Amino acid sequence: NLTVDAVALRGDCKYKQKEIMAISVDRVYQKVLAIANKEQRGYITPQEFNLFADQAQMAIFEQYFYDLEQRQRGPGNSFDYADIVSNIEEKISMFEIHDAGIGASASGEISLSNLGNTWWRLGSVKVLHTNPTFVGFANTNKYREAEQVQQKEINKYLDSYLTNRFGGPYYTRSINAVGVPMIRIFPGDVADVLVSYVRKPHQPNWTYVIIDGETASFNPGAADWRDFELDDSEENELVIKILQLAGVTIKDFNLAQAAAQEEIKNVQQEKQ
């Protein structure tokens with residue numbers, strides 16, 4: 001079950017499609033049920049599982065960025081360290097989208113909602129101006145990577161640009177009055193903008209049919225069936241995190257505690 005982000009691309013704008021080796025949502029559910037039902041600990045419904053599955057996948061996905069930041073702060077001379085960083089970067093790379101077009105604006109203000117609801121972290125921003133020579137750029141058909149500047153500092157950068165015609169383009173990030181994330185390009189008069197970003201994993205979904213009026217049976221033929229999108233190595237971690245959430249829901253705190261202890265053990269093994 002391979003998935004590719006459905007971002008519309010224009011002209012020569014391209015991104016690398018990365019195949020994602022999916023983790024079977026059915027296999028994870030069966031593991032969760034087998035452990036939760038042991039000693040009559042309780043039943044986790046498909047609806048509950050799908051909710052927990054999405055939460056667990058996002059928790060693991062967000063942890064990638066925290067772990068990467070922590071590792072990069074440490075000493076960089078160890079081969080083991082380099083391997084760990086490379087492994088994390090490889091896991092994140094499956095969700096990277098490159099040079100996706102998000103439109104243009106004479107004012108330079110563009111909504112990131114044009115990327116859809118799957119974008120997660122913004123990477124590079126490349127700008128093509130309508131009249132580059134007017135804003136001080138000699139090459140008329142070249143995308144230039146914009147530098148992010150804090151809103152409170154943009155005037156300082158613009159004063160330097162207008163005085164010396166040096167540097168730029170720049171962009172700032174903000175949230176508009178209705179909560180939509182925006183970027184604004186300086187100078188304005190923008191013909192096109194390309195962004196690279198990391199999208200979030202699509203929500204997994206264990207689809208099913210009811211047999212004999214009561215038994216839920218896996219239905220991989222359903223149009224909305226979706227496996228997990230994380231690296232294969234995360235399967236056990238998914239099971240553990242889902243069990244933690246399930247243990248709280250069915251009020252079996254022994255189950256939640258056991259899952260938490262197993263997670264701690266896995267983290268300790270990874271750090272060795």
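Student: Why is Glu-235 counted as buried?

Tutor: The relative accessibility of Glu-235 is 11%. Buried means under 20%, so Glu-235 counts as buried. The model is a predicted one.

Student: Why is Arg-27 called partly exposed?

Tutor: Arg-27 has a relative accessibility of 39%. The class between buried, under 20%, and exposed, over 50%, is partly exposed, so Arg-27 belongs there.

Student: What makes Arg-27 and Glu-235 a salt bridge?

Tutor: Their closest N and O atoms are 2.8 Å apart. The cut-off is a side-chain nitrogen of Lys or Arg within 4 Å of a carboxyl oxygen of Asp or Glu, and the pair Arg-27 and Glu-235 therefore qualifies.

Student: Why is this pair said to tie together parts of the chain?

Tutor: Arg-27 is in helix H1, residues 25–37, while Glu-235 is in helix H5, residues 235–249. The two parts are 208 residues apart in sequence, so the bridge ties them together.

Student: What separates the C-alpha atoms of Arg-27 and Asp-227?

Tutor: Those C-alpha atoms are separated by 9.7 Å. Along the chain, Arg-27 and Asp-227 are 200 residues apart.

Student: How do you know that Lys-91 forms a salt bridge with Glu-234?

Tutor: The closest N and O atoms of Lys-91 and Glu-234 are 3.0 Å apart, and the limit is 4 Å. This pair links distant parts of the chain, with Lys-91 in helix H3 (residues 79–93) and Glu-234 in the loop between strand E10 (215–218) and H5, 143 residues apart. Both Lys-91 and Glu-234 are buried.

Student: What makes Glu-237 and Lys-241 a salt bridge?

Tutor: The distance from N to O is 3.8 Å, which is therefore within the 4 Å cut-off. Glu-237 and Lys-241 lie four residues apart in helix H5, about one turn of the helix. Glu-237 is buried, as is Lys-241.

Student: How many salt bridges does a search of the whole structure find?

Tutor: The search finds six salt bridges.

Student: What makes the largest nonpolar core, and which residues have the most contacts inside it?

Tutor: The largest nonpolar core has 32 residues, and Phe-49, Phe-228 and Ile-242 have the most contacts inside it. At least two residues of this core come from each of H1, helix H2 (46–73), H3 and H5. H2 gives the most, with 10 residues.

Student: Which residues is Phe-228 in contact with, leaving aside its neighbours within four places in sequence?

Tutor: Among them are Ile-23, Val-28, Phe-49, Leu-238 and Ile-242. A contact here needs heavy atoms within 4.5 Å. Another core lies apart from the largest one and has 18 residues, including Ala-100, Leu-112, Ile-183 and Tyr-197.

Student: What is the order of the strands in the antiparallel open sheet?

Tutor: The order is E1-E8-E3-E4, four strands in an open sheet.

Student: Why do strand E1 and strand E4 stand at the edges?

Tutor: Strand E1 (96–101) and strand E4 (144–145) each have a single partner strand, so one side of each is left without a neighbour in the sheet.

Student: How do you know that strand E3 and strand E8 are joined?

Tutor: Two strands pair when there are at least two bridges between them. Eight bridges join strand E3 (residues 119–129) to strand E8 (residues 190–199), so E3 and E8 meet that condition. The bridge partner of Lys-126 is Leu-194 in E8.

Student: What is the pairing in the open sheet with the order E2-E7-E6-E5?

Tutor: The pairing in that sheet of four strands is mixed. Strand E2 (109–111) and strand E5 (147–148) stand at its edges, each with a single partner strand. E2 and strand E7 (residues 181–186) pair in the antiparallel sense over three bridges, and Glu-109 stands opposite Arg-184 in E7.

Student: How many bridges join strand E9 to E10?

Tutor: Four bridges join strand E9 (residues 208–211) to E10, and the two run antiparallel. Ile-211 stands opposite Thr-215 in E10. The hairpin of E9 and E10 has three residues between the strands, and in it Asp-212 takes a positive phi near 60°.

How values were computed. Residues are numbered from 1 along each chain as its sequence is written. This is a predicted model: local features need pLDDT of at least 70, side-chain atom pairs count only at pLDDT 80 or more; totals for chains, interfaces and linings use all residues. Side-chain values use heavy atoms; hydrogens and water are left out. Buried means under 20% relative accessible area, exposed over 50%, partly exposed in between (1.4 Å probe, protein chains only). A nonpolar core is a set of buried Ala, Val, Leu, Ile, Met, Phe, Trp, Tyr and Cys residues joined through side-chain atoms within 4.5 Å.
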